[in-house]
Amino acid sequence: MKMTHPALVALGAATLCASALAAPLISSSHELIYHLNGPATGVFLIVAMNFAAAWLLFTGLFLLAHRSSRLRTAIWSLFLLIMPWVLLKACVMITGWKMRHGMILGVQAAFLLALGVASLSWRPWLRSRFESLLPFFSTVLAFLAFTSPLLAGQVAWSAWQARALNRPRPLHQQQTAAIASPGMPAASQQSTRHRIIWLLLDELSYEQIYEHRYAGLKLDGFDRLAAQSTLFTQAVAPANATAIVVPGVMTGTPIDQVKSSASGELRVHVAGTHGWQPFDPHNTVFQDALDSGYSTSVAGWYNPYCRILAPVLDRCFWSSHSSFQVLPDVDENRPLVDLLLLPAQHFFSSMISALQGKTFSGRNASLAAEMHIADYRDLFAAADRLLSDSSANFTYLHMPVPHPGGIYNRQTSTFTTHGNSSYIDNLALADQYVAHLRQVLEERGEWDSSAVIVMGDHSWRTALLWEASPAWTPEDQTASHGGQFDDRPAYIVKLPGQHSPARVEERFATLRTRALLDGVLKGQLKTPAELAAWAAAQQ
């Protein structure tokens, strides 16, 4: 076979395109694998099928290009204009590089400028010059074809490692049910304990709720909660990334980095130490709750709770549809015909997106919002099942609001996927959830006797992240005072029987959440005064 045979050149082109799809699955960080909710095998198979389909598609195009000079010029011109964009997309996915919105627009402008200049200045004599360059480009792609076994091998290895990614794991209750005492049921014993509800609202800002609330924004749920809770006005998160914060507050350990193995297992790096260590579920507040005779339950977002905490949980549900924001088109639920057409869609999507003025993240904003809404609804239902069960007396809920992008319209009280919703809209939805949680417990006669801890994993990452994203709205700009970042997450503690408000004005590291919950579990923190004294001692 000649080096410039259409099949070999097409294999190189298919390798380029497939790298953009495969990159999130074979990345050294394994971030997508870690957050993937569901079997991984089908996702890898879809990528492999698209690689094969792309090869067939490009082979047909390059064979067609040999039929006439005009077709050859058209096909190769389109290909060479789009390939730089595909390469950029692959590099962004492989490296995890966060491109600023202006930089992406600059690439789009350059792309359109090149297309315009080529169209307006095209002359017949340029065709011969262009034709003389094609052997060089064909040779480059042909050499690139020899890297395809490396890409295919990496995909196959990663698929093998992740083959058992989300198979059901035995929970604590299932492990101990066989040796349960024939006496009084555990649920009856547990029902006599105060319920502890630990609610984490993702990206919840203290400033936006209680200090500089957006004009006209009503947050009755948060206001009613504050009227009989202790507000921590100077809470400090251990990091500004959920993946780092959550393991840290569960263990009380100053974790500064996390990563995943190819099989989806969590590994953590503790600040001031060398090397990485496996995340130990027994070194968490959930083990503390079990040791205190509580039953542990989780309904959470984003983090694979049922994978990393299974041995210390009696009930578990987690949802992470949003993990497909990285690889939004590769969804096992799509029809097979749609999935096989992905290579053609990806080949032309860059030009179409550029002409429409959309970006990598922007063109999938509607789909991302749909996934975000699906996560919220699934978790809402799962949380209600736990809240309606008194035996679930140590319950952790992680809800995906008010985390951007916006999925709610507070004016119409409806979900939206149109991209005009703001953080403030999502904050109104979070307020509705706080009110709903309270209503469920009040109807069961359990609100007053329960301990309720509501916290943000970190604050609203305005200038740190969202200001440069397409999800940023004029309302976000106004609410954040021009993108200013206030690093204080909301932190609110209602103790059993508490009816009056209190405040802790000292700096409080939310990394001490495990210790705080331990104090509630052991009955050592029963009054706001005891809580304030304990918090002061943590300085």
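1. In this predicted model, the side chains of R169 and E265 meet in a salt bridge, with N and O 2.8 Å apart. The pair links distant parts of the chain, since R169 sits in the loop between α7 and α8 while E265 sits in the loop between β3 and β4, 96 residues apart. R169 is partly exposed, with a relative accessible area of 29%, and E265, at 30%, also counts as partly exposed.

2. A salt bridge also joins D425 to R410, whose closest N and O atoms are 3.0 Å apart. D425 lies in helix α18 and R410 in the loop between β9 and β10, so the pair ties together parts that are 15 residues apart in sequence. Both D425 and R410 are buried.

3. The structure holds 14 salt bridges, and R195, R444 and E446 are linked in a network of them.

4. The largest nonpolar core has 49 residues, of which W198, F286, F394 and L516 touch the most other members. Helix α12 supplies the largest share of this core, 5 residues. Leaving aside neighbours within four places in sequence, F394 is in contact with residues including W198, F286 and L521. A second, separate core of 48 residues includes I209, V454, A490 and I492.

Note on methods:
Residues numbered from 1 in each chain as written. Predicted model: local features only at pLDDT ≥ 70, side-chain atom pairs only at ≥ 80, totals over all residues. Heavy atoms only, no water. Core = buried A, V, L, I, M, F, W, Y, C linked by side-chain atoms within 4.5 Å. Buried < 20%, exposed > 50% of the residue type's maximum accessible area, 1.4 Å probe, protein only. Helix = DSSP H or I, 4+ residues; strand = E, 2+ residues; numbered from the N terminus. Contact = heavy atoms within 4.5 Å. Salt bridge = Lys/Arg side-chain N within 4 Å of Asp/Glu carboxyl O.
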